[in-house]
Amino acid sequence: MKTPNQKAWLFVAPVIILVAFNALVPLMTVVNYSVQETFGNNLFFWHGVGWFEQVLNSERFHAALGRQFLFTATILAIEIPLGVAIALSMPRSGFWVPVCLVLMALPLLIPWNVVGAMWNIFTLPDIGLLGYTLNNVVGIEYNMTQSPVAAWITVVVMDVWHWTSLVVLLAYAGLISIPDAYYQAAKIDGASNWSVFRYIQLPKMKRVLTIAILLRFMDSFMIYTEPFVLTGGGPGNSTTLLSIDLVKIALGQFDLGPAAAMSLVYFAITLLVSWLFYTLMTRDEE
Amino acid sequence: MQRRSIVPILYVLFLLLPIYWLLAMSFKTTNEILGGFSLLPQEWTLDNYRVIFTDPTWYWGYINSILYVSLNTVISVLAALPAAYAFSRYRFLGDKHLFFWLLTNRMAPPAVFALPFFQLYSSVGLFDTHIAVALAHCLFNIPLAVWILEGFMSGVPKEIDETAMVDGYSFPTFFFKIFVPTIKAGIGVAAFFCFMFSWVEMLLAKTLTAVAAKPIAATMTKTASSAGYELGLLAAAGCLTIIPGAIVIYFVRNYIARGFALGRV
């Protein structure tokens, strides 16, 4: 049982100060911009909720949001089952296990712009390994800068390459925490592989998988650097995800008001979905 | 059992292919790269690496990145330690809300904050310093460190705290001499994740720096857009950014699976 102790606030004070400095001041700046109109020279006028109306009704925002949801749903649908499958087929111990884990963790530690640049080089039509193989060996016409479908698939494959390992590591951690006795009992009962998975492994992995889904949702919803470096949002707008569009408006066109309003709507959506996950997760604990 | 291990092997091969290609490119000359396709470099060259190690704008990019990442890891873990202890041991007014508020900052898209961050750090005179990037990365690393450490600390029985108090240890002595060593693995895992997320984040790092603390990413972007796209140089720079991460994984290799299971992450 935890002891009630209000002095605990002193313990959390440094964290609150550091995070609040970074979170509240910028957030207030964004809120400030979102309700004002500017014509430059630091002259601002009250604009009310005008920008919010504009953003919520804009085709452009709907399109970017749609692409964002499609992207996040696609990568979750691929990475979670694939990660679990790989974790299940890993041996529980042995010499190769740490080697495998270290190699798998490697993509997680590559700077995001390098990931984008690496996939760009990898998929160049004439001189990239994947681009050349697809075009000249397999015989599929593949050019990311021309075909929106190819660009979209490449961005998804890149994300699978980049992040599936996180799901594998989490699922594997859940799996190795299952005592051997469970498996022996299942064997005596003559349980099939499926029922071992359904009634022993899956419940034990539930907690880590919730964390994996939560982390993957948040990170893929905020993704910016990798697709920006890989495709620049193109061809056309086909891979312009929400963050890319936002940066285009804020820093490219310097439309601070609409960009700020869009930021807040964007943040609210992320927060809402994450909160749903979080409550589901903590409700199960109690 | 043996047949099943084909899946992880295929997966690892898939992971290594793009990395192999980056490595192969980094040993090719620009002419060879643009000249045509070859699996292995025809004329091996170290010129790309030579440029990086002799040109200060290049190698300072790496030094700057490592400086702010280390600074951030130290700040995040030190601040998170007492907070995680409070969350795992005490009940206090608003503790659950506070924990969720911390997590919401992990959910804030960096793109949303890029411009306000630039203005904030300019106005306090920290723009283009390592400490600015280190502090900015606290936004998502502190919540993560608190989350991980809290998981590890909750795994330590409360009797340890009580016994130490009965034995007459003062709180600081107990905390640093007894408690911190028992969660060494947790601190390692938390530091690993802080290092990882600070090392890979580039949008804020680029926004908050200009010359003096410019991270390697900014230098790479410059190369990519100017001087006719020097792919070899870009590939070499990319390969070098993998090394610090690889070293860090090597240190936590024994904790990597266990650490995930013990902690909440």
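Confidence in chain A of this predicted model averages a pLDDT of 84, with 96% of the residues of chain A at 70 or more; pLDDT is the predictor's confidence in each residue, from 0 to 100. Helices (H or I, at least four residues) and strands (E, at least two) are DSSP runs, numbered from the N terminus. Residues are numbered from 1 along each chain as its sequence is written, and chains are lettered from A and ligands numbered from 1 in the order in which they are written. As the model is predicted, local features need pLDDT of at least 70 and side-chain atom pairs count only at pLDDT 80 or more, while totals for chains, interfaces and linings use all residues.

Turning to the meeting of the two chains, the contact draws 75 residues from chain A and 81 residues from chain B, where two residues are in contact if their C-beta atoms, placed from the backbone, lie within 7 Å. Helix H1 (residues 8–34) of chain A supplies the largest share of the chain A side, 14 residues. That side comprises 59 nonpolar, 14 polar and two charged residues (Ala, Val, Leu, Ile, Met, Phe, Trp, Tyr, Cys and Pro count as nonpolar, Asp, Glu, Lys and Arg as charged, and the others, Gly among them, as polar).
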